[in-house]
Amino acid sequence: MSNTVRLEIDGMGIVFFSAKTMEYVEPGTDFFANEFDAPQQIAAHIRKGDITAFCTGSGGTFDLHFFTGYPAPDIMEQFPISIRLGLDVRGGTVQFCDLFWLMKWNTDFPPEQVISLEDGFYEITVCTRMPESGYWGDNQTIYIYFAKVDKMPELTWTGVPYLFTEE
């Protein structure tokens, strides 16, 4: 898999999930307010792997580059701000969206916001750097690597994963 998608968001984060994994959520419900608003709620879902997310630090325009495996050392050097997440993929697809999309649950996504992945558990490496403009979310590049693993990765997040620095 090597694929690039431009995603514009109003919220401060990007979310990933498999519709099949999350089929217990009633369409139209406010999943954000009910289950994904407090840092502890987000961390619990991230550790479980049914839905995962990271904070971008701002809304904006993001160029998401999707790959399988792990980033090479030179990529990690060029994009030094990174986090590790996990995800339980079922139904052969992963959907991604603006955090605010969760306010009215709907799994009918535009095709460009759905990627195909074999069912199973994945360790996800997400890496980025400050855009040349000096503003988070300003045509920011984010590399996202999906590495299939035998079991759900043991994650220790106690709050929201941040994919930005305060500098």
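Me: Which residue in strand 9 does Asp63 stand opposite?

Reply: Asp63 faces Thr141 there. Strands here are DSSP runs of E, at least two residues long, numbered from the N terminus. One caution on sources: this is a predicted model, where local features need pLDDT of at least 70, side-chain atom pairs count only at pLDDT 80 or more, and totals for chains, interfaces and linings use all residues. Residues are numbered from 1 along each chain as its sequence is written, and side-chain values use heavy atoms, with hydrogens and water left out.

Me: Which strands pair with strand 9, and over how many bridges?

Reply: Two strands pair if DSSP finds at least two bridges between them. Strand 4 (residues 60–68) runs parallel to strand 9, with seven bridges, while strand 8 (residues 120–128) is antiparallel to strand 9, with eight bridges.

Me: Is strand 9 mostly covered or exposed?

Reply: Buried means under 20% relative accessible area, exposed over 50%, and partly exposed in between (1.4 Å probe, protein chains only). Strand 9 (residues 140–149) is mostly covered, with seven of its ten residues buried.

Me: How many salt bridges are there in the whole structure?

Reply: A salt bridge puts a side-chain nitrogen of Lys or Arg within 4 Å of a carboxyl oxygen of Asp or Glu. A search of the whole structure gives seven. One of them links Arg90 and Asp88, with the closest N and O atoms 2.9 Å apart. Arg90 is partly exposed at 40% relative accessibility, whereas Asp88 is buried at 10%.

Note on methods
Helices (H or I, at least four residues) and strands (E, at least two) are DSSP runs, numbered from the N terminus.
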